[in-house]
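Welcome to this short tour. Open your viewer, keep the selection tool at hand, and follow along stop by stop.

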Amino acid sequence: VLFRHVLSLTSLRKVIKDYFIVCDSYYGAIRTAPPSKIQAIDMGRRALHDEGSRLLIERLKGKVTVDHDTARRLFTLICALHWKG
């Protein structure tokens, strides 16, 4: 069975923007920062990724059943499609 679901990404826009900013900081820190700073940035990156996943689960509730791991993968895909790198 095929179906289409249109989902506005407006609610994810800020999280995606913040996620890209933190990812840039993370990749910059890998080159020069001490491990403790890299770890702190990575924790923030993961927290934003989880926040994006939770928002997706919330927005899809009642339409599509998505577990946490799938929502994380979907958030990664959405970010990859938005990346202008």
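A residue is called buried when its relative accessible area is under 20%, exposed when it is over 50%, and partly exposed in between, with a 1.4 Å probe and protein chains only. By that rule, 29% of the 85 residues of the protein count as buried. What you see is a predicted model, in which local features need pLDDT of at least 70 and side-chain atom pairs count only at pLDDT 80 or more, while totals for chains, interfaces and linings use all residues. Residues are numbered from 1 along each chain as its sequence is written, and side-chain values use heavy atoms, leaving out hydrogens and water.

**Stop 1: the whole chain**

Show the cartoon view. The protein has 3 helices and 0 strands, where helices (H or I, at least four residues) and strands (E, at least two) are DSSP runs numbered from the N terminus. Along its principal axes, the C-alpha trace spans about 50 × 25 × 20 Å.

**Stop 2: H1 and H3**

Select residues 13-32 for helix H1 and residues 68-82 for helix H3. How do their axes meet? The axes of H1 and H3 come within 11 Å and cross at roughly 75°; these axes are lines fitted to C-alpha atoms over the stretch in contact, with angles from 0 to 180 degrees between N-to-C directions. H1 and H3 are therefore roughly perpendicular, the word for 65 to 115 degrees (under 35 is roughly parallel, over 145 roughly antiparallel, the rest oblique).

Now show side chains. Val15, Ile16, Tyr19 and Phe20 of H1 meet Phe75, Ile78, Cys79 and His82 of H3, a contact being heavy atoms within 4.5 Å.

**Stop 3: the aromatic rings**

The whole structure holds 3 aromatic pairs. Rings of Phe, Tyr and Trp (its six-membered ring) pair if their centres lie within 6.5 Å; planes under 30 degrees apart are stacked, over 60 edge-to-face, and the rest tilted. Select Tyr19 and Phe75: this edge-to-face pair has 5.5 Å centre to centre and 75° between the planes. Because Tyr19 lies in H1 and Phe75 in H3, the pair ties together parts 56 residues apart in sequence. Both Tyr19 and Phe75 are buried.

**Stop 4: Tyr26**

Finish with Tyr26, which counts as buried at 17% relative accessibility. Is Arg45 over its face or elsewhere? Arg45 lies over the face of Tyr26, 5.3 Å from the ring centre; the rule asks for NZ of Lys or CZ of Arg within 6 Å of the centre and within 35 degrees of the ring normal.
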